[in-house]
Amino acid sequence: MIEVTHLTKRYGASTAVDDLSFTVRPGTVTGFLGPNGAGKTTTIRAVVGLERPTSGSATVAGQRYADLPAPLQEVGTMLDGRNAHPGRTAVGHLTGLARTHGIGRARVDQVIGLAGLESVARRRVGTFSLGMAQRLGIAAALLGDPGILILDEPVNGLDPDGVLWIRHLLQALAAEGRTVLLSSHLMSELAETASRVVVIGQGRLLADEDIDTLVAATARAGVVRVRATDAAPLARALERRGTPVTLEEGGVLEVAGTDAAAVGALAAGLGITLLELSTVSGTLEDAYLGLTAGAVQYRAEAAR
Ligand SMILES: Nc1ncnc2c1ncn2[C@@H]1O[C@H](COP(=O)(O)OP(=O)(O)OP(=O)(O)O)[C@@H](O)[C@H]1O
């Protein structure tokens, strides 16, 4: 469990994190989202004892990170995939870390296997691609077999095979009852991997929800899309029933406040042939954009 309670972090006059509270529970993968500068990294750094809160607190497994006797065995972190010394081999880096916690060589080999790094285990880290460095960062996070994992942008730099690997790995770790928190800007990937999400903007909490609940609440979720040989009479019939209809590109009608079966039945009654009939399911991206619309600090000026 990760608990952030009324956490505030100020740098001089600017507030990076503002009275933020949320809990990350075991057994699920939780995504941590927010626009650039929202305060995600500052929050994560406070959780792992790298930032001292101005006020409030952040604990892992009920304690401050700094008070954990063997942090590597409680919390695995990957904040920057490139933190290993470039002159060291992957095995050397992991063995060095393992020694600080009395972790045996067998576990080093095990995490190298888990991360798919066997073929490059004896290569210098400085020659690693971004994806290989990310895998090494994940191997290091797993070294102490921790109950809590905190990963900042773990998918960054991974090829599609690597993306799939990390998705299945994190889900398997959560299914074992571990607490998994990951930040990512890749919305569709996060939606595939996580089941819950914490969204922040300008240092404040915007949502702490199941992804399914959040997505179902998006504005367009449940809207019926329909394309017909002759859309006009269908649109008129729907409007006569008080159902709002919008005409989209390509002659597609979007109909709110009804369901696909009702639209299909109405069209059949009018003898109109349907070319397409579907229900719009919202996406995490829709939900995220809706939530953060007012909280984006850095936005390119719209093209005039
Ligand atoms: N050491 C620091 N000194 C001063 N300001 C800082 C410091 N670290 C972060 N900030 C500011 O705090 C705010 C939050 O930054 P943070 O890096 O936590 O955001 P983020 O959500 O991780 O952003 P991104 O998605 O771009 O990584 C930003 O306005 C940033 O400029």
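Biologist: What is the bridge partner of Arg227 in S12?

Modeller: Arg227 has Val252 as its bridge partner there. Keep in mind that this is a predicted model.

Biologist: And which residue in S12 is the bridge partner of Val226?

Modeller: Leu253 is the partner of Val226.

Biologist: How many bridges join S10 to S12?

Modeller: Four bridges link strand S10, residues 224-228, with strand S12, residues 252-255. The two strands run antiparallel.

Biologist: What is the strand order in the sheet?

Modeller: The order is S11-S12-S10-S13. Those four strands make an open sheet with antiparallel pairing. S11 (245-247) and S13 (274-279) are the edge strands, and each pairs on one side only. On average, neighbouring strands are turned by 20 degrees against each other, direction ignored.

Biologist: Which helices pack on the sheet?

Modeller: Helix H9, residues 231-240, packs on it and touches S10, S11 and S12. The direction of H9 makes about 10 degrees with that of S12. Helix H10, residues 260-269, also packs on the sheet, touching S10, S12 and S13. The direction of H10 makes about 160 degrees with that of S13.

Biologist: Back to S12. Which of its side chains are buried?

Modeller: Leu253 and Val255 are buried, and they point to one face.

Biologist: What stands opposite Glu254?

Modeller: Thr246 does. Three bridges join S11 to S12, and these strands run antiparallel.

Biologist: How many residues lie between the strands in that hairpin?

Modeller: Four residues lie between S11 and S12. In this hairpin, Gly250 takes a positive phi near 75 degrees.

Biologist: New topic. Which residues surround the ligand?

Modeller: Among them are Tyr11, Ser14, Ala16, Gly34 and Asn36. The surroundings also include Gly37, Ala38, Gly39, Lys40, Thr41 and Thr42.

Biologist: Which element gives the largest share of that shell?

Modeller: H1 does, with three residues. Strand S2 (14-24) and helix H1 (40-47) are the elements that give two or more residues.

Biologist: How many shell residues are nonpolar, polar and charged?

Modeller: Three are nonpolar, seven are polar and one is charged.

Biologist: Last one. What domains does the chain have?

Modeller: The assignment gives domain 1, residues 2-211, and domain 2, residues 224-279.

Biologist: How many Å separate their centres?

Modeller: The centres of domain 1 and domain 2 are separated by 47 Å, taken over C-alpha atoms.

Methods
Residues numbered from 1 in each chain as written. Predicted model: local features only at pLDDT ≥ 70, side-chain atom pairs only at ≥ 80, totals over all residues. Pairing = 2+ DSSP bridges. Axes fitted to C-alpha atoms, helices over the stretch in contact; angles between N-to-C directions. Contact = placed C-beta atoms within 7 Å. Near = placed C-beta within 6 Å. Nonpolar A, V, L, I, M, F, W, Y, C, P; charged D, E, K, R; others polar. Domains from an automatic or database assignment. Buried ≥ 20, exposed ≤ 12 C-beta atoms within 10 Å, placed from the backbone.
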